[in-house]
Amino acid sequence: MKKLIMTLLISLSFVSCFGRNVENNSIDKKNLEEVYVTKVIDGDTFVYRKNGKNIKVRLIGVNTPELHHPFKGEEYFGKEAKEFTKDKIYNKKVYLEKDEEDLDKYGRELRYVWISDDEMLNDELLLEGFADVMTIKPNNKYEKDFRESLKKAKIERKGMWKSPNKAFTEIKK
């Protein structure tokens, strides 16, 4: 019985310390690039300055509803996704983590974005219902974790999943 109680206590402390879905909870900042966010374009794209140049970053593994798409227009929950991202990273220092590929076909850096030692923006967007999973191999380091976060948000009907039939649909103007 004592062994069972001890196992439960250890499990509970593990969950409280590492309740995030992302397996690699603590980050090693020496392997990441520290940047200061100067602009948020939408829920999954932002800008930072480096050597006098604006650098666009596209979050890996997630897709938020569009705001400025030339064909789709503005999608349901696009503004909310942008505001969430803005609240989390605008005018703040973040840490960028690479996966296999450095840039997407539009020349944007592809990154996981750590807000703190144990909080990743990509995962937070999923957990709070502001994004869907979008995996483009070989950039799939956290795919399993992201799918779990999405599942949790859908079950809890968070964010855009309160009205799942509206998710990723155009807003008529």
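**Confidence and terms**

Q: Over which residues does pLDDT stay under 50, and how many contacts beyond four places in sequence does the model have for them?
A: pLDDT, the predictor's confidence in each residue from 0 to 100, stays under 50 over residues 1-21. The model has 13 contacts beyond four places in sequence for residues 1-21, a contact being heavy atoms within 4.5 Å. Where pLDDT is low, the predicted coordinates should not be read in detail. This is a predicted model, in which local features need pLDDT of at least 70, side-chain atom pairs count only at pLDDT 80 or more, and totals for chains, interfaces and linings use all residues. Residues are numbered from 1 along each chain as its sequence is written, and side-chain values use heavy atoms, with hydrogens and water left out.

Q: Where in the protein chain is confidence lowest, and where highest?
A: Helix 1 (residues 2-17) has the lowest confidence, at a mean of 39, and helix 3 the highest, at 98. Helices (H or I, at least four residues) and strands (E, at least two) are DSSP runs, numbered from the N terminus. For the protein chain the mean pLDDT is 85, and 82% of its residues reach 70 or more.

Q: What makes the span of helix 2 agree with its number of residues?
A: The expected span is 1.5 Å times one less than the number of residues. Helix 2 (residues 78-89) has 12 residues and should therefore span 16 Å; its end C-alpha atoms are 17 Å apart, which agrees.

Q: Which residues of helix 2 are buried, and what do they pack against?
A: Gly78, Ala81, Phe84, Thr85 and Ile89 are buried, that is, under 20% relative accessible area, where exposed is over 50% and partly exposed in between (1.4 Å probe, protein chains only). They cover an arc of only 125° around the axis, so they lie on the same side of helix 2; the arc is that of the directions from the helix axis to the C-beta atoms. The elements they pack against include strand 1 (33-42), strand 6 (109-116) and helix 3 (121-127).

Q: Why is Pro164 called partly exposed?
A: Pro164 has 39% relative accessibility and therefore counts as partly exposed. Its place is in the segment after helix 4 (143-155).

Q: How many bridges pair strand 2 with strand 3, and in which sense?
A: Strand 2 and strand 3 (residues 53-59) have 6 bridges in the antiparallel sense; two strands pair if DSSP finds at least two bridges between them. Phe46 has Val57 of strand 3 as its bridge partner, and Val57 has Glu109 in strand 6.
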